[in-house]
Amino acid sequence: MHGIKAAIVEAALAAGAGAVRFAPAAFDRATFERMQSSFERGDLATWAYGEPYAQRAASPGALLADAQSVVCLAVAYAAPAPPGRAPLSGRVSVYAWGEDYHGRLRRVAHAVAEEIDRIAGAPSTHVVCDTAPLAERAFAAMAGLGWVGKHTNLIAAGLGSYVFLAEIVTTLRLEPDAPLKKTCGACTRCVDACPTRALRGDYTIDATRCIADLTQRTDDIPVAWRPFVGDWVWGCDLCQEVCPPTRLAGSQPASARGPSAPEEAFPDLQRLLRLRSSEFKRRYRRRALGWRGAAVLRRNAAVALGNSLDRSAVEALEVSLATDPHAMVRGHAAWALGRLGSPRALASLRLRRGAEADARVRGEIDRALASWETFGMEAPLTPRRNLPK
Ligand code: B12
Ligand code: SF4
Ligand code: SF4
């Protein structure tokens, strides 16, 4: 048994995993109940998860008949940010820099699965990388790979929380490792750093207000949350940036590959706002931030430009409001112009009010203008050609 586990660990480390531990594959009631409670609170409302998902997520046996063990892998992804940052640039979360991480994760996990199948002498594995209904953090915690922190990410011992998780569910019976006895103790840094108060401090999250969720939803970002999204155009790292064990771990040598271009970490927002399908296919389709399509990225760029409060963004937003083919993007451009609130921004909102065909976008324009009118701010009624910035 120990020899088999040692061989699996060796194969996993050789393939690029930072840590490997073993959990039992039995249905786990505590995981089911934790998950159910979070669904009942509405924490995952944007994901349409329900009780059947919670049942499956707590049952590795639902993925592979006669499953006995779950081999849990942590793959480190911390990387140094490129130096320097241009004005009017947005931020992309570290996990989404470079090639889509699913490819890298699958390569590591499949190499381990092959070794397990070789040891078993027959196919005996099912690989899980992010997309399957399995409570990956819960099984990783059970295996003692790390502990779930108050930011709800798994903090892997010695590696911190900038780790992806992958699992190999197998019919091989492998002795489970013990969970760690660690908790966050009195620390609340992540809770205090979260701009939307998504983290409650009791190891749960209201994901509907998490910036990572807001930037990847395919419908409107609720108006109340837009200012808090700040300059993030994909994901958010604020709660992990302040996390002491994650900071202490730093960038692991195996993954200390910064983005190949600063644009990956800090994209030019005005360029992103113009992103159309041919450039999207070339630059983003194979990256983690591409999976929701180009319009979602343009919408996020509009929100970040509004949050920049930088009047030099007005012209790009005017063009977006007048020409973007997607009503959602035009609506968020209108919001952003309202947030910038310069005379020229308000004038273009008034100009577009009459020309806009979509009722929802007109609603956004009205709201953007009303927020200034309520406070008695005067915007020019007639837009002129050479308006001041
Ligand atoms: C939906 C989803 C999201 C949603 C919701 C996140 C959430 N916290 O639930 C959103 C879009 C917000 C999101 C954001 C991010 N995500 Co995400 N996401 C997922 C996904 C697909 C499902 C998560 C899920 O089921 N959530 C529902 C909750 C209730 O379940 P849970 O998170 O598994 O929580 C369980 C544990 O916390 C456990 N637990 C809690 N306390 C304790 C205590 C003990 C003792 C034990 C044993 C267990 C335990 O019980 C809970 C219920 O079972 C997983 C992949 C997967 N299949 O698991 C990736 C995953 C969780 N995401 C991941 C990443 C990297 C991120 C981001 C960091 C990306 C980013 N920078 O923007 C952020 C982090 C935001 C945050 N603070 O959580 C990684 C996390 C890696 C890690 N180290 O934990 C995962 C595992 C993907 C992967 N395969 O690597 N994500
Ligand atoms: S990822 Fe950002 S918004 Fe989400 S919980 Fe962490 S700090 Fe809050
Ligand atoms: S910042 Fe502190 S409380 Fe939050 S996860 Fe890290 S150690 Fe835990």
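Okay, let's start with a helix pair. A295, R298, R299, A302, V303, L305, G306 and N307 in helix 14 touch M328, V329, H332, A333, W335, A336, R339 and L340 in helix 16. Contact here means C-beta atoms, placed from the backbone, within 7 Å. Helices are DSSP runs of H or I with at least four residues, strands are E runs of at least two, and both are numbered from the N terminus.

Quick housekeeping: this is a predicted model, with local features needing pLDDT of at least 70 and side-chain atom pairs counting only at pLDDT 80 or more, while totals for chains, interfaces and linings use all residues. Residues are numbered from 1 along each chain as its sequence is written, and chains are lettered from A and ligands numbered from 1 in the order in which they are written.

Back to that pair. The axes of helix 14 (294–308) and helix 16 (327–340) come within 8 Å and cross at roughly 5 degrees; axes are lines fitted to C-alpha atoms, for helices over the stretch in contact, with angles from 0 to 180 degrees between N-to-C directions. So helix 14 is roughly parallel to helix 16. The cut-offs are under 35 degrees for roughly parallel, over 145 for roughly antiparallel, 65 to 115 for roughly perpendicular, and oblique for the rest. By class, the contact has 10 nonpolar, 3 polar and 3 charged residues. Nonpolar is Ala, Val, Leu, Ile, Met, Phe, Trp, Tyr, Cys and Pro, charged is Asp, Glu, Lys and Arg, and polar is the others, Gly among them.

Next pair: the axes of helix 1 (2–15) and helix 4 (101–120) also come within 8 Å, but cross at roughly 155 degrees. That makes these two, helix 1 and helix 4, roughly antiparallel. I4, A7, I8, A11, A12 and A15 of helix 1 meet V108, A111, V112, E115, I116 and I119 of helix 4. That contact has 11 nonpolar, no polar and 1 charged residues.

Now the ligands. Which residues come nearest to ligand 1? Out of 35 around ligand 1, they're D130, E136, A141, A212 and G235, where "around" means a C-beta atom, placed from the backbone, within 6 Å. Helix 5 gives the largest share of this shell, 5 residues. The shell splits into 21 nonpolar, 8 polar and 6 charged.

Last, ligand 3: its surroundings include C184, C187, C190 and C243. Helix 6 (189–193) and helix 10 (244–249) are the elements giving two or more residues to that shell, which has 7 nonpolar, 3 polar and 2 charged residues.

Definitions and conventions. Two residues are in contact if their C-beta atoms, placed from the backbone, lie within 7 Å.
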